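Please look over the fold of this protein before reading the notes on its parts.

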Amino acid sequence: MPVEVYTDGACLGNPGPGGWAAILIYGRHRRELSGAEAETTNNRMELTAAIMALEALRKPSQVVLHTDSTYVKRGITEWVSRWQRNGWRTASRRAVGNQDLWRRLVAAGRGHTIRWEWVRGHAGVPENEKADALARAAAVAVQAGD
């Protein structure tokens, strides 16, 4: 049985205060994680959500990771192997943006079998909606100084 993971990131302004959230479900077990940064971008929060979810797994797992970020999904399934081969450079030879988080995401995925699924945001998928609400709440809290 795979661990079902739903992730989301939010930013109040881009850049601005941001939040991330992950929901991990394994059978009857459920864990919700969230956090925030005072100054960040939406893409960084989307990546952080996936990283934190994978880093929370205590043993090698089969994972279905749902994200509403095409940036994260395409980055990890299509682009990252090319970036690595090119010394973390894009096709236009520029340094990969958010390279620190991409490297951490690659490392966090080692040992797991991950199926990356894109889910349309704000389309009524209950766990995606909950992850969105948690990420937004974290962003609002950090903006308020909590």
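The briefing below covers the overall fold, the sheet and the helix contacts.

The model is predicted: local features need pLDDT of at least 70, side-chain atom pairs count only at pLDDT 80 or more, and totals for chains, interfaces and linings use all residues. Residues are numbered from 1 along each chain as its sequence is written, and side-chain values use heavy atoms, with hydrogens and water left out.

**Overall fold**

- The protein has four helices and five strands; these are DSSP runs numbered from the N terminus, with helices being H or I of at least four residues and strands E of at least two.
- Along the sequence, the pattern reads β-β-β-α-β-α-α-β-α.
- The radius of gyration is 15 Å, close to the 15 Å that the globule rule gives for 146 residues, so the protein is as compact as a globular protein of that length. The radius is taken over C-alpha atoms, and the rule is 2.2 Å times the number of residues to the power 0.38.

- Five strands form an open sheet in the order 3-2-1-4-5, with mixed pairing; two strands pair if DSSP finds at least two bridges between them.
- Strand 3 (29-40) and strand 5 (113-118) are at the edges with a single partner strand each, so one side of each has no neighbour in the sheet.
- Isoleucine 25 has arginine 30 of strand 3 as its bridge partner.
- Helix 1 packs on the sheet and touches strand 1 (3-11), strand 2, strand 3, strand 4 (62-67) and strand 5. Contact means heavy atoms within 4.5 Å.

**Helix contacts**

- Helix 1 (residues 42-56) packs with helix 3 (residues 99-109) at about 25°, their axes 9 Å apart. Axes are lines fitted to C-alpha atoms, for helices over the stretch in contact, and angles run from 0 to 180 degrees between N-to-C directions.
- Helix 1 and helix 3 are therefore roughly parallel. Angles under 35 degrees count as roughly parallel, over 145 as roughly antiparallel, 65 to 115 as roughly perpendicular and the rest as oblique.
- Residues in this contact include Leu47 and Ile51 of helix 1 and Leu101 and Leu105 of helix 3.
- Helix 2 (residues 70-85) and helix 3 pack at about 95°, with axes 11 Å apart, and are therefore roughly perpendicular.
- Among the residues that meet here are Tyr71 and Trp83 in helix 2 and Trp102 in helix 3.
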